Amino acid sequence: MADIKELLEGFTEVADHPKAELDRHIAAGKKVIGVGPYYVLEELVYAAGAIPFGVWGRVGTASKAREYFPPFYCSICQMTLEMGLNHELDKLSGIMLTALCDTLRGASQNFRVGVTQVPMIFVTQPQNRATEAGRQYAIDSYTELKTTVGEACDTIIDDDKLAEAIKLYNNWRAAMRTFLAEAAKHPALVSVAQRAAVVDAGYYMDKAEHLKKVEALNELLAAQPASTDGFKKVVLSGVYYDIPALTQILDENHFAVVADDIAKESRALQLQVSEEGDPTVALAEAFCKAGNDSILFDENKGHVAHVADLYKESGADGVVLLLAKFCDPEEFDAPHVAKACKDAGAPFVQIEIDQSTESYEQARTQLETFADIIG
Amino acid sequence: MFYLGMDVGSTATKCIVVDGSGTIVGKGLARGGAGTKAPAAAEAEALAQAQVSESEIETICATGYGRHLFDQANMEKSELSCHAKGASRLFPGVRTVIDIGGQDAKVLRLGVGGSLENFAMNDKCAAGTGRFLDVMAGVFGCDVSELSDYDRQSDHSVSISSTCTVFAESEVISKLASGESIYDVAAGVHDSVVDRTAGLANRLGIVPPVAMTGGVALNDALRERLEKKIGYPIQTSELAQFNGAFGAAIYALEA
Ligand code: SF4
């Protein structure tokens, strides 16, 4: 059996080379559907016999996408379009994009116009999710998507296959939650960069294959004594942090992520879909139940208190808010999150991040100082 | 034995040598940051002034943006920690330190014992930093050290509304072209920096006593405008620019 180091190296290899993973799927005769952020019902793709492949932009500089966006546009959207315009996504049989924030809405439509070689499958989801009308809207939209995704994969998605996919995804999300908890207890064995790599690899690999490896890793980690000695325990909040320059700084300063409120991690992994009844309805209802996320409308702003709660429950030494540049939902919540953390007595630092930032020296200074303060 | 603190900043390198009691015995400053000859020049100047040879230096602590490139250092510390350490010695009892450096502006909150409690930094933008003033001095055709005198000769401040350095530069040029006096525009430039700095300080919350460090602290007119804006007197020191290096030297001493 592979050891912890080997498994982590395997995940890192995939996370660092998504194109190679995409080529592998294509070589195996699979259709691949791109999946953007957030809460995209990948289960449909899996049930159609295709591979869902995460597309959340990438680290780099937008150039062609600048024709479509002003400079003050979030980098996930800019870089996703840039990838499309640069023909990096041509092997995809389609890409599913949502409109959960205003930025994504424009981005999805620009993608449709600019990247004609990759069909854009528009995922409409309700923001008013607590009402019956919202629930019905989600069911109607997801029912339509079942047909659209099936067509993109040259198949008709049947309910048995969809139920199987839901089961697999539930197991995968549960295993991933376990992984995040194990990584939190073993920072000396799983660095911040490796934690991000395990998550990213999950966005690119066949979920069944990823699940097996994550379960093996979880078992090995659970057998090791837990220790955060010598590390500064933090809660990470934000949309993403899988930027090598940033994870390197976090690792160099011995930060341990003991809990997260990251859209690409725990927020996405919170979904648990009912395995009873109509699977499409179950997917819609699971989305309607999701919460604690700046991207989801919530008149009580549960997300804000959730970050402070994570701090209290995890025994963290502080909270690091990685604010995605030009992200409205995150920027609107940020002052409230800062205040909730202050009220909870949590040392707090806010760092602006962006996939296109070339120098993280200011972030380094801030994180080093934060490490000094909480250390 | 002696201890050396080296602050390799973005536009200047500062060096301080202290003795075993933490008293400053030498200081050096050279224009230029990491990757230039400035660190060696600043060190040579500080050692000469202290009449100390390199072999008598027990520990070297580097700080500032270019600290990683200063090979001789035995240890490194973040510049914010060094600024807090230096300020707690330069201004005993100080609770809020405003530092405007070449490329960034920061506000530090110190605890009662002088430890760093919290901090805020400006966005990744030159507005409100020393660089902003350098650019504006370039437009006025004067040295940045003359801006204070220009401001003092103004009778009203001309508002500069652009926050971006590049846009503010063209705004300043057009104000001058429309006949505004250079002194009033200089006062407006100062107000623009003061507004941003006060905003940053308010974000953190100002607890008096307040001190100001960094090269811009020596600009008296700007400092007085900032005092008015935040409503507290601001202490400074002729060593304001050396504060980070001094903190680093104290870290070296305490190591
Ligand atoms: S939520 Fe923020 S980071 Fe995500 S796509 Fe929208 S603007 Fe970009």
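The model is predicted, so local features are given only at pLDDT of at least 70 and side-chain atom pairs only at pLDDT 80 or more, while totals for chains, interfaces and linings use all residues. Residues are numbered from 1 along each chain as its sequence is written, chains are lettered from A in the order in which they are written, and side-chain values use heavy atoms, with hydrogens and water left out.

**The interface of chain B and chain A**

Chain B contributes 17 residues to the contact and chain A contributes 14 residues, where contact means heavy atoms within 4.5 Å. The buried area comes to about 1,300 Å², and carbon and sulfur atoms give 50% of that area. Buried area is the accessible area (1.4 Å probe) that two parts lose on being put together, summed over both.

Two salt bridges are found across this interface; a salt bridge is a side-chain nitrogen of Lys or Arg within 4 Å of a carboxyl oxygen of Asp or Glu. One salt bridge joins E368(A) and R67(B), at 2.2 Å from N to O. Side chains of opposite charge can pair when their charged atoms come close. On the side of chain B that touches chain A, α2 (79-90) and β8 (116-121) of chain B each supply at least two residues. The largest share of that side, five residues, belongs to β8(B). By class, the side of chain B that touches chain A holds five nonpolar, five polar and seven charged residues. Here Ala, Val, Leu, Ile, Met, Phe, Trp, Tyr, Cys and Pro count as nonpolar, Asp, Glu, Lys and Arg as charged, and the others, Gly among them, as polar. Helices (H or I, at least four residues) and strands (E, at least two) are DSSP runs, numbered from the N terminus.

**Pocket and cavity**

On a 1 Å grid over the protein atoms alone, a cavity is a set of points where a 1.4 Å probe fits but cannot get out, and a pocket is an open set with protein on both sides within 12 Å along at least five of seven lines; lining residues have an atom within 4 Å of a point. Grid points are joined across faces, edges and corners, and a volume is the space filled by probe spheres set on the points.

The largest pocket has a volume of about 1,100 Å³. Its lining consists of 34 residues, and F348(A), V349(A), Q350(A), A120(B) and R203(B) lie nearest the centre. α14(A) gives the largest share of this lining, seven residues.

The structure also holds six cavities of 30 Å³ or more. The volume of the largest cavity is about 250 Å³. Among its 20 lining residues, Y39(A), V40(A), E42(A), Y203(A) and A268(A) lie nearest the centre, and α11(A) gives the most to the lining, with four residues.

**Local features**

P37(A) and Y38(A) are joined by a cis peptide bond with omega of about 5°, and Y38(A) lies in the loop between β1 (32-35) and α3 (42-47) of chain A. Another cis peptide bond joins P208(B) and P209(B), with omega of about -5°. H87(A) is not a glycine, yet has a positive phi of about 65°.

Over all chains the count of salt bridges is 40. K19(A) and D23(A) form a salt bridge at 3.3 Å from N to O. These two residues are separated by about one helical turn because K19(A) and D23(A) are four residues apart in helix α2 (residues 18-27) of chain A.
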